[in-house]
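Me: I would like to learn how to read a structure like this one. Please take me through it feature by feature.

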Amino acid sequence: MKPVIIIVLLLASASLRAQTPGDTTYQVELTATASPMINFFRLPRAPQIPGKASVGYGISLRAMWHPGRLLSVGLLSGYYVIAEDEISVDRPSTSLTFSAHLAAVPLQLALSMQKSGVEIGLGVGPYFVMSTIRGGTSASARGSRLEIGITFFGSYVFSLGESVKIGPELRVLSLRYRGIVSVMPSCSFRVDVLRY
Amino acid sequence: MKRICVVIVLCAGVGSCDPRLPSGPDIYVDFESIDAPTAPLSETSKSLMNGVYEVVQGGSEFGNPVVGKWTGNRWGLYSQHDAVYAISAGGSSGDSIKLRGYIRYVRSGSGIRVKLTISSTDGAPEVIAGVPPPSLRIHGTTENGIKIELRRVREIASSPFEILAHRGGGRNSDRLGISENSIPMIRYAALLGATGVEVDVKRTRDNKLILFHDDSFSPRTVQGIYLLGKVENFDLEHIRSLGRLIHGEQIPTLSEALTAVVDETDLSLVWLDIKDPLAVPQVVQIQKEIMAYASTRGRDSLSILLGIPSEEVLNAYTPFRDSSDALLELDVETALSLPRCRVWAPAWTRNITPGDVAAMRAANKRVFTWTVDLRESIVSYMERIDGILSNYPTLVTGIHDSRE
Amino acid sequence: MDLHFRTCRPLLALTSLLVLVLLSEISTAQPLRGEDSPQRPGAYLDAHGCSSSGPWAQTAAPSADIPERSEGSSVDSTSLIIDASLAPAATYFYEPFPMEVGSSVFQLGASFSLLAYPDAEQELPIPGIDIQYKRGIFEKVALVGSFSTSYFSNLLHGGVQWNTKIERFSCGLATHLGGAYGFVTRENLFDDVEGYAVFAMLILRLGYRFDEFSVSCSFVSSYIINSRSYVNGMEASVGPQNTVNDYFCTLVVEQPFIRNLRVSIGLSLGYARTPYHTWMLYDTIDEWLFVPEFFFAVQL
């Protein structure tokens with residue numbers, strides 16, 4: 001919470017200091033993307049799974065505020081399914097099967113620079129990582145943890161109309177502590193929602 | 001422009017100030033293949049090699065002196081200067097003694113291989129024959145060319161002292177290549193010079209007891225991306241099926257770990273660190289079962305102590321105060337009031353007065369402290385109390401055994 | 001593992017060279033005289049006081065030249081021309097562009113470091129407040145100071161920086177002297193511990209100025225002159241002494257954000273034996289660890 005307060009105070013002081021009425025246009029954009037994810041793991045996802053890669057999918061939302069310059073700031077969130085596995089475990093007298101699911105929700109501060117339709121930026125902050133395990137002989141189990149991650153994104157958009165743009169976007173996210181790096185090639189859909 | 005170029009070129013000189021970068025912790029040494037071409041030494045021969053050694057060469061690695069002693073079939077060298085130790089295997093080969101192994105620098109997680117030899121002119125024939133040699137010298141080299149020469153100067157200090165390895169062998173287990181709170185680490189603890197281990201007990205969702213320190217699973221401690229968050233959210237079945245400890249070991253139950261202590265080690269004490277008061281009744285039950293089993297295996301000297309770190313755990317222990325051996329971390333008065341409290345173990349930063357120690361000893365109880373890693377503190381406490389829990393049991397061993 | 005003092009000769013040589021360069025600059029420098037340096041708003045001044053006419057200069061434009069933006073047109077920042085009569089010459093903190101004598105930069109910002117888990121048994125994010133100040137004292141020489149605090153750990157350092165430029169490229173070299181102090185009390189875990197260190201820091205900065213922003217890269221090395229840790233008043237003997245303790249590589253983008261308010265945003269990767277955040281923890285671990293950091297600051 002404290003970092004958020006610091007950021008808000010800094011932005012407020014920057015706004016107050018810089019604001020001159022009338023001659024700068026401020027803009028708020030919403031960007032939505034949907035894409036597959038290719039995930040790479042530092043360690044095996046489970047003892048029974050030797051591979052260190054998986055395919056998932058995700059959607060993301062980004063709200064950016066442009067105060068008339070190259071740099072814009074905003075918030076980044078979404079929902080990513082990182083891995084889903086059916087895991088069989090052999091026991092002496094039986095075999096158990098588990099369904100396991102790992103997902104992440106980014107709750108990040110986004111910063112980007114835009115010029116001529118090209119946007120390059122990064123999101124920093126926590127991911128809310130969640131796991132669900134079903135099957136075996138037990139009731140399902142859920143776990144979650146906040147972990148710090150970083151998201152890099154780059155996109156190019158074409159105007160479809162006055163306020164709507166569309167284009168490809170590439171995103172790379174890193175959950176360093178958990179040892180996960182994901183690549184998300186996607187299509188982004190951007191809307192100017194506010195201009196003042 | 002010229003100035004800039006000169007500056008940039010000289011900046012490259014900064015790169016020459018690179019310190020030695022640590023190598024990885026995984027130094028695989030096939031001890032069995034080292035043993036194979038040599039003949040094992042007798043227990044008498046081994047006892048002749050045990051002792052305090054002057055470091056004639058190699059002081060940069062070990063300091064001076066070092067302690068050398070056999071643990072089973074492994075020869076250990078323990079520095080009293082820093083957390084540095086060496087483990088070797090081998091035996092007699094003709095009229096010399098040949099040992100091969102590694103030196104580990106525990107605080108940095110690095111290590112190097114080492115070869116040690118006692119030649120025929122340095123006392124090997126006498127040692128092999130089981131006769132005290134007139135002098136005993138060990139020569140060796142490390143894989144990066146550092147020469148080692150040790151000269152035995154005296155016996156190991158024999159005063160009883162409990163050296164306890166934290167979390168089975170020391171936290172930050174990536175420094176040793178074996179996970180903390182694991183059965184392989186419990187087996188390895190004696191090679192670190194430990195006489196006992198402290199292990200952490202956690203309760204799963206289905207009320208099973210496992211060895212685990214943290215409240216939550218994390219990439220520091222486990223492999224398996226689906227084990228995420230609090231331990232108490234998962235059943236034992238989930239934990240054992242979908243995860244492993246960070247170095248690949250199975251996460252042990254408390255029963256399995258204590259059985260391994262009885263069957264596979266000569267450790268004399270196990271300190272069960274319990275933070276969850278709801279685990280106490282089951283811990284007491286397992287404690288009784290294992291002590292009975294130990295007795296059938298001739299391990300009557302083994303102590304398994306239920307650790308009491310808080311008032312909550314103390315309250316949960318109270319119904320068992322007459323039947324379960326315990327170790328108390330709270331105040332000295334409470335420790336004296338509990339009939340089966342065998343050890344009083346306050347944190348090392350608390351003021352342990354000579355009067356408190358005397359009172360405990362008068363009540364036939366021992367005094368430990370935890371977790372002591374600084375050399376000065378270890379030296380200070382060693383003279384005053386009966387045992388130390390440390391992340392660096394090799395350092396405690398080196399200091400204790402090398403005293404005159 | 002320790003780097004002994006005598007093996008740091010290149011570091012000493014570099015520092016000595018910097019001192020010589022600084023002394024020569026100081027002895028030959030002449031402060032810019034207002035009448036010799038037409039300060040066109042938005043223009044960047046080189047060391048001889050001549051206004052640069054490079055493509056990055058934002059020349060004053062009569063208001064009639066500012067294009068009208070039609071209603072409903074999408075806003076692209078490249079289409080904006082700021083009234084340069086209101087725009088001061090851009091000066092950034094990290095970019096080692098030579099500063100105008102007497103000009104200064106004052107920044108307030110925040111940083112978030114990720115402490116490696118061997119130190120704290122988890123990847124611990126440590127937020128901090130950063131205050132930075134830079135002032136041009138001679139033609140190519142600036143005085144620089146920096147203070148970072150996360151309450152429990154505090155870092156203060158300052159020194160002189162020599163800057164120069166070629167076209168859009170700039171380069172700076174600085175030596176700083178500083179201190180770190182930390183403390184924490186947590187019952188039965190860290191009972192009343194504190195630690196401090198005194199260090200010297202060598203900084204190399206390289207910058208490139210684009211039309212609308214500046215990118216700079218810094219390489220930093222710190223050399224610990226002395227450090228101490230105390231636990232319950234008892235001195236702990238661990239801690240680096242007379243040795244290089246860490247290296248940092250920092251990438252920063254600096255640019256105007258809202259109108260002419262300038263911000264610095266950057267990522268830093270440290271490679272440290274004892275991260276300064278943990279000075280007070282009588283760190284017994286002797287391992288080099290990566291410490292990434294994200295930071296941003298606003299010029300006030």
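Reply: Start with contacts. Two residues are in contact if their C-beta atoms, placed from the backbone, lie within 7 Å. This is a predicted model, in which local features need pLDDT of at least 70, side-chain atom pairs count only at pLDDT 80 or more, and totals for chains, interfaces and linings use all residues. Residues are numbered from 1 along each chain as its sequence is written, while chains are lettered from A and ligands numbered from 1 in the order in which they are written.

Me: Which residues of the largest nonpolar core touch the most other members?
Reply: First, the terms. A residue is buried if 20 or more other C-beta atoms lie within 10 Å of its own, exposed if 12 or fewer, and partly exposed in between. A nonpolar core is a set of buried Ala, Val, Leu, Ile, Met, Phe, Trp, Tyr and Cys residues joined through C-beta atoms within 7 Å. The largest core here has 139 residues. Leu164(B), Ala189(B), Val270(B), Leu272(B), Val283(B) and Leu305(B) touch the most other members. H9(B) gives the largest share, six residues. Domain 1 (31-154) and domain 2 (162-401) of chain B both contribute, so the core lies between them. A second, separate core has 24 residues, including Leu70(A), Val105(C), Phe213(C) and Ile258(C).

Me: How far apart are the C-alpha centres of the two domains of chain B?
Reply: Domain bounds come from an automatic or database domain assignment. The centres of domain 1 and domain 2 of chain B lie 31 Å apart. Their contact takes 15 residues from domain 1 of chain B and 14 from domain 2 of chain B. On the domain 1 side, strands E2 (66-71), E3 (74-79) and E4 (84-93) of chain B each supply at least two residues. E3(B) gives the largest share of that side, four residues.

Me: How do the strands E5 and E6 of chain A pair?
Reply: Two strands pair if DSSP finds at least two bridges between them. E5 (residues 118-135) and E6 (residues 141-156) of chain A pair in the antiparallel sense over 16 bridges. Thr132(A) stands opposite Arg142(A) in E6(A). The two strands form a hairpin with five residues between them. In the turn, Gly136(A) has a positive phi of about 65°. E6(A) also pairs with strand E8 (residues 164-175) of chain A, antiparallel over six bridges. There, Ile150(A) stands opposite Ser174(A) in E8(A).

Me: Which residues other than glycine have a positive phi?
Reply: Take two cases in chain C. Phi of Tyr151(C) is near 70°. Tyr151(C) sits in the loop between strands E3 (141-149) and E4 (153-166) of chain C. It counts as exposed, because it has 11 C-beta neighbours inside 10 Å. Phi of Asn242(C) is near 50°. Asn242(C) is in the loop between strands E8 (234-236) and E9 (243-258) of chain C. With 15 C-beta neighbours inside 10 Å, Asn242(C) counts as partly exposed.

Me: Where is the peptide bond with omega near 0°?
Reply: The bond from Asn64(B) to Pro65(B) is cis, with omega near 0°. Pro65(B) lies in the loop between helix H4 (59-62) and E2 of chain B. The bond from Trp370(B) to Thr371(B) is also cis, with omega near -25°. Thr371(B) lies in the loop between strand E20 (366-369) and helix H13 (375-382) of chain B.
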